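Colleague: I would like to learn how to read a model like this one. Please take me through its features in turn.

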Amino acid sequence: MLELVIFVTLLGLGYGVGSYREKNHYADLAVREQALGHITVFDHKLPADHGFQAGGDLVVGNVVVSSDYFKTVVATIKKFFGGRLRSYETLLERGRREAILRMKQMAKEQGADCIYNVRFETAATSQGASNTLSSVEVLVYGSAVRR
């Protein structure tokens, strides 16, 4: 009986705290994306516009995002039945957006206004019970140039 109470308490805490933190993170991402919106990002090997300076400085954004207990439990149940794992989709989306913002911030500090040849790397940094994903690392990098 005590184990069930602990499980339900952790589930409730995971849902409440996880939802609160995720909501705040999305709001913070929106504000920072608007502030850094002038820095263009694309995956082409070279800038299409020749108005940019030659070369480019390496800029990197890296983040590790963890899943809360509630999402881990929900994903484990969904994994049993199959289908989309939306709880992990939000985890990856937040990780990608945060990594891009950190890369853009680094470009801004170097005076750049464009990042080209952008690449993503993603890795699961730890796995919980039953091979469930509990945290993910997102690394994004590119070459920053200025006009």
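Modeller: We will go through rings, a pocket, a helix, a core and a few single residues.

Colleague: What are the ground rules?

Modeller: This is a predicted model, so local features need pLDDT of at least 70 and side-chain atom pairs count only at pLDDT 80 or more, while totals for chains, interfaces and linings use all residues. Residues are numbered from 1 along each chain as its sequence is written, and side-chain values use heavy atoms, with hydrogens and water left out.

Colleague: How many aromatic pairs does the structure hold?

Modeller: The rule first: rings of Phe, Tyr and Trp (its six-membered ring) pair if their centres lie within 6.5 Å. Planes under 30 degrees apart count as stacked, over 60 as edge-to-face and the rest as tilted. The structure holds 3 such pairs. Among them is Y15 with F70: the ring centres are 4.8 Å apart and the planes sit at 70°, so this pair is edge-to-face.

Colleague: Where in the chain do Y15 and F70 lie?

Modeller: Helices (H or I, at least four residues) and strands (E, at least two) are DSSP runs, numbered from the N terminus. Y15 is in helix α1 (residues 2-35) and F70 in helix α2 (residues 69-81).

Colleague: What lines the largest pocket?

Modeller: The general idea: rolling a probe the size of a water molecule over the atoms shows where empty space is left. On a 1 Å grid over the protein atoms alone, a pocket is an open set of points where a 1.4 Å probe fits, with protein on both sides within 12 Å along at least five of seven lines; lining residues have an atom within 4 Å of a point. Grid points are joined across faces, edges and corners, and the volume is the space filled by probe spheres set on the points. Here, the largest pocket holds about 260 Å³. Its lining has 14 residues, and R21, E22, V65, S66 and R94 lie nearest the centre. α1, β2 (57-66) and α3 (86-109) each supply at least two lining residues. α1 gives the most, with 5.

Colleague: How does helix α3 compare with its expected span?

Modeller: The expected span is 1.5 Å times one less than the number of residues. α3 has 24 residues and reaches 35 Å from first C-alpha to last, close to the expected 34 Å. Its buried residues include L91, R94, E98, L101 and K104. Just after α3, G111 takes a positive phi of about 80°.

Colleague: Which residues touch the most other members of the largest nonpolar core?

Modeller: A nonpolar core is a set of buried Ala, Val, Leu, Ile, Met, Phe, Trp, Tyr and Cys residues joined through side-chain atoms within 4.5 Å. The largest has 20 residues, and V59, M103, A107, I115 and A144 touch the most other members. β2, α3, β3 (114-127) and β4 (133-145) each supply at least two. The largest share, 6 residues, comes from α3.

Colleague: What is the backbone phi at N117?

Modeller: N117 has a positive phi of about 55°, although it is not a glycine. N117 is in strand β3. Its relative accessible area is 25%, so N117 is partly exposed.

Conventions:
Buried means under 20% relative accessible area, exposed over 50%, partly exposed in between (1.4 Å probe, protein chains only).
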